[in-house]
Amino acid sequence: MADLSAFPITRRWPAVHPDRIQLYSLPTPNGVKASIMLEELGLPYEVHLVDIGKNESKLPEFESLNPNGKIPAMIDPDGPDGKPLGLFESGAILQYLAEKTGRFLPADAAGRWETLQWLYFQMAGIGPMFGQLGFFHKFAGREYEDKRPRDRYVAEAKRLLGVLDTHLQGREWIAAGQYTIADIATIGWVNNLITFYEARELVGFDGYVHVKRWLETGLMRPAVQRGLKIPARS
């Protein structure tokens, strides 16, 4: 039986199965990266819903694992050298799980770096820019009379979709000729843009035919379908 008592987060969200990976998350575009990956891998894990609407990610117990106060976060009871390992940042979680299992990150150097550059493209570009568009289009920012902030992020979202669309021409997946963590990282964000953020028409999504085809293909994967709903919102 793994001992996770060194992690204060387990006092707020106790582990029923401490020998399994512990995932602290919510089905947001960042959160579902981890759940999709775990579903794809078939690794045993236990999920704990962290309600960001109630500021639970700002609680001391959560911030003991992620001082940045953001989901997802994770504990692997069987980390390096068999010792428990806590992790935050969705991109780091994806890379860690890929390296742990030898899946969804090519072993050859060229394929590995091609995949990682597109993972970082999502982390540095698509995530932050799409998130700001969501704020100014759907959430509190939509009430601002000055539409220049919204339009700035609409334009940037279109630019990023254009980059991805051009790259996906003639490709089924984003990197290395195979389904990788670059796809897993990006699917939730692109899907969220046109569903939850209600920005499909705003960004002219259907004009990005290669992105549209790629997203539809990704959404057909059973693990993606499951992962997008984990953990179930209460």
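Q: Where is the place of Pro231?
A: In this predicted model, Pro231 sits in the segment after H9.

Q: What is the peptide bond from Ile230 to Pro231, cis or trans?
A: Omega is the angle to read here. For the bond from Ile230 to Pro231 omega is near -5 degrees, and the bond is cis.

Q: Which residue does a cis peptide bond join to Ile71?
A: Ile71 is joined to Pro72 by a cis peptide bond, with omega at about 0 degrees. Pro72 is placed in the loop between helix H3 (60–63) and strand E3 (73–76).

Q: Which domains does the domain assignment of the protein chain give?
A: The assignment divides the chain into domain 1 (8–103) and domain 2 (109–221). Taken over C-alpha atoms, the centres of domain 1 and domain 2 are 24 Å apart.

Q: Which residues does UniProt list for "domain: GST N-terminal"?
A: The UniProt record, an unreviewed entry, lists residues 18–105 under that name.

Q: How much area do domain 1 and domain 2 bury between them?
A: The size of an interface is often given as the accessible area lost when the parts come together. Here domain 1 and domain 2 bury about 1,100 Å² between them, with 65% of that area on carbon and sulfur atoms. In terms of contacts, 14 residues of domain 1 touch 14 residues of domain 2.

Q: How many residue pairs are in polar contact between domain 1 and domain 2?
A: Six residue pairs are in polar contact between the two domains, counting pairs with both residues at pLDDT 80 or more. On the side of domain 1 that touches domain 2, the elements giving two or more residues are helix H2 (31–41) and helix H4 (90–101). H4 gives the most to this side, with six residues. By type, the residues on this side of domain 1 are six nonpolar, four polar and four charged.

Q: How many salt bridges are there between domain 1 and domain 2?
A: Side chains of opposite charge can pair when their charged atoms come close. Between domain 1 and domain 2 the count is two salt bridges. Elsewhere in the list of pairs, Arg221 and Glu40 meet through their side chains in a salt bridge, at 2.8 Å from N to O.

Q: How many salt bridges does a search of the whole structure find?
A: The search finds 13 salt bridges. Arg226 and Glu39 form a salt bridge in which the closest N and O atoms are 2.6 Å apart. This pair links distant parts of the chain, with Arg226 in helix H9 (residues 222–227) and Glu39 in helix H2, 187 residues apart.

How values were computed: Residues are numbered from 1 along each chain as its sequence is written. This is a predicted model: local features need pLDDT of at least 70, side-chain atom pairs count only at pLDDT 80 or more; totals for chains, interfaces and linings use all residues. Side-chain values use heavy atoms; hydrogens and water are left out. Domain bounds come from an automatic or database domain assignment. Contact means heavy atoms within 4.5 Å. Buried area is the accessible area (1.4 Å probe) that two parts lose on being put together, summed over both. A salt bridge is a side-chain nitrogen of Lys or Arg within 4 Å of a carboxyl oxygen of Asp or Glu. A polar contact is a pair of N or O atoms within 3.5 Å; within protein, one must be able to donate a hydrogen and the other to accept it, and residues adjacent in sequence count only if both atoms are side-chain atoms. Helices (H or I, at least four residues) and strands (E, at least two) are DSSP runs, numbered from the N terminus. Ala, Val, Leu, Ile, Met, Phe, Trp, Tyr, Cys and Pro count as nonpolar, Asp, Glu, Lys and Arg as charged, and the others, Gly among them, as polar. UniProt positions are given in the numbering used here, feature names are shortened, and annotations may be inferred rather than shown by experiment.
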